[in-house]
Amino acid sequence: MEHLDEEQRLRDAIAADPDSARAHAALVFHLCNAARADEALLHLDREARRRPSNIWPLSLRAGVLSAERRASEAIDVHRRLVAMAPHIAILWCNFANDLAAAGFTSEAASAYRNAVERAPELGGAWLGIANLRGDAFSAADIAVMKRAIGMVADPYQCVQIFFALGRALGEQRDFRRSFENFSQANTLREKLVPHDAARLAAFVEAHRNMRPTLFEARKSSLSQECGPIFIVGMPRSGSTLVEQILASHPDVEGLGELSALEEVAASIGAFDAPDDFFSRLQTLTRAEAMDLATVYLARAGRYRRTGRPFFTDKMPSNWRFIALILRILPGARIIDVRRDAMACCFSAYTTYFNRNTDFPNGLEDLGRYYRAYRGMMESAQASVPERMFDIDYDRLVDDPDREIGALLDSLDLPFATSCLAPHRNRRAVFTPSAQQVRAPINRMKESSSDYLAWLEPLKAALGAE
């Protein structure tokens, strides 16, 4: 009833002021949050027909399509938008984001360049160019970005420019100044999105206190013939490549990074009191567990576009919720993607994470985060080794045929030659690794060895890793 009252209030606001883009945006946001994106799109179609010279209905429509992972559809709308208002930089940037996700790298680079020509302080566009990797930065670009930092009003865009500058200076092998910019980016982000290391430590400790036999005797309520494949691990571990390989299998649909599991975890108190959350997991009845599984599958299903029996959920931080997965989705598969600790953590340190992502911003916290992740995964693997599969990034790129075969075997999937050429898969990819997985399987280019002089705090925090 409260949900319906809120919707009626929003519709009343539109009736009172039909020309208010803000009121229409609020209704669209509400409908999308309720998994009613198609209704939101119909509403925007009607408004676009009523206001053919206004850009906001089309801009909102492009935003909805992007959020729903429908990049190819969004691209058509973006083309109309930049034709109607070529002077607006953010429209070019949004266009470029979806072009990059869909694999149109050259056109994305051109669109990002159009954005920064119109607004040199637009951090998202500079970051987009950096993530394309094939569009090298020039000395002139570096000079423009340095000046832009003093012009930026939004601190998040300043963080993005610092990351882009770090990448640009690294390309020029000026590693000292490159690292200084990565450090400034992370220092500023820590002020904006502080990482709660103490809460994570308490969460991991509460998991350690769970009964290790909790999952061993449970029967699966989810058919082994279908369902989710969770890909977990550290960011920048190679998880996007693993998902691209699996999404190239005719039985697997790649859904990317989903917030569905975290939302289910939050609904039963995961972020309130860790001890209570894990106690709650241990006392769930079978019916309650199945209800939570149904909620998860419905939220994930919102992004499904095919009838393939399996789908991937590639949210790396889902390692925190391994116990929840095992408790409510006992038929689900879990893949832990590993990469050399120093290389993986440094690569994460040089990567921009949005304001909704709780992730360490300092080298010491990064090392502790990595050790927490490894500790929780080792605990889960000791309890239910048959449910878990480790894949090592370095071995994967060195011997893809053997490692991909072993991966498919672990999932009881028949071998498919298409998995050996994941770069031919034209699905949209929305992570910073999007362009890399569109090339034949190869090693990530970032090298922590070039920055070792500044990484002692990370090395010490990793300890024996």
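This is a predicted model: local features need pLDDT of at least 70, side-chain atom pairs count only at pLDDT 80 or more; totals for chains, interfaces and linings use all residues.

User: Why are H3 and H4 called roughly antiparallel to each other?

Analyst: The axes of H3 (residues 37–50) and H4 (residues 56–67) cross at roughly 160° and come within 9 Å. Angles over 145 degrees count as roughly antiparallel, and therefore H3 and H4 get that label. The crossing of H3 past H4 is left-handed.

User: Which residues make the contact between H3 and H4?

Analyst: H3 brings Ala37, Leu41, Leu44, Asp45, Glu47 and Ala48, while H4 brings Trp56, Pro57, Leu60, Arg61, Val64 and Leu65. Sorted by type, the contact of H3 with H4 has 9 nonpolar residues, no polar ones and 3 charged.

User: And what makes H6 roughly antiparallel to H7?

Analyst: Here the axes of H6 (residues 89–102) and H7 (residues 105–118) come within 8 Å, crossing at roughly 160°. The cut-off is over 145 degrees, so H6 is roughly antiparallel to H7. The H6 and H7 crossing is left-handed. On the H6 side the contact includes Trp92, Phe95 and Leu99, and on the H7 side it includes Ala111, Tyr112 and Arg118. The contact of H6 with H7 splits into 11 nonpolar, 2 polar and 2 charged residues.

User: How do you know that alanine 380 is buried?

Analyst: Its relative accessible area is 4%. Buried means under 20%, so alanine 380 qualifies. Alanine 380 sits in helix H19 (residues 363–383). Setting aside residues up to four places away in sequence, alanine 380 touches Ile322 and Met388. Isoleucine 322 is 58 residues from alanine 380 in sequence, yet the C-alpha to C-alpha separation is 7.2 Å.

User: Why is phenylalanine 271 called partly exposed?

Analyst: Phenylalanine 271 has 26% relative accessibility. Under 20% would be buried and over 50% exposed, with partly exposed in between, so phenylalanine 271 is partly exposed. You'll find phenylalanine 271 in the loop between H14 (260–267) and H15 (274–283). Beyond its neighbours within four places in sequence, phenylalanine 271 is in contact with Arg199, Glu262, Ala266, Arg320 and Phe321. Arginine 199 is 72 residues away in sequence from phenylalanine 271 and 8.5 Å away in space, C-alpha to C-alpha.

User: Which residues have the most contacts inside the largest nonpolar core?

Analyst: Tyr296, Trp319 and Leu324 do, in a core of 127 residues. Helix H10 (residues 155–171) gives the most to this core, with 10 residues. Leucine 324 touches Leu261, Val264, Ala265, Ile268, Phe277, Leu281 and Leu329, again leaving out residues up to four places away in sequence. Another core, of 27 residues, lies apart from the largest one; Val242, Val337, Tyr393 and Leu396 are among its members.

User: What covers the buried residues of H21?

Analyst: The cover includes helix H13 (239–247), strand E4 (333–338), strand E5 (388–392) and helix H20 (393–398). The buried residues of H21 (residues 400–410) are Glu403, Ile404, Gly405, Leu407 and Leu408. Just after H21 comes aspartate 412, with a positive phi of about 60°.

Notes
Residues are numbered from 1 along each chain as its sequence is written. Side-chain values use heavy atoms; hydrogens and water are left out. Axes are lines fitted to C-alpha atoms, for helices over the stretch in contact, and angles run from 0 to 180 degrees between N-to-C directions. Helices (H or I, at least four residues) and strands (E, at least two) are DSSP runs, numbered from the N terminus. Angles under 35 degrees count as roughly parallel, over 145 as roughly antiparallel, 65 to 115 as roughly perpendicular and the rest as oblique. A crossing is left-handed if the near helix is turned anticlockwise from the far one by less than a right angle, and right-handed if clockwise. Contact means heavy atoms within 4.5 Å. Ala, Val, Leu, Ile, Met, Phe, Trp, Tyr, Cys and Pro count as nonpolar, Asp, Glu, Lys and Arg as charged, and the others, Gly among them, as polar. A nonpolar core is a set of buried Ala, Val, Leu, Ile, Met, Phe, Trp, Tyr and Cys residues joined through side-chain atoms within 4.5 Å. Buried means under 20% relative accessible area, exposed over 50%, partly exposed in between (1.4 Å probe, protein chains only).
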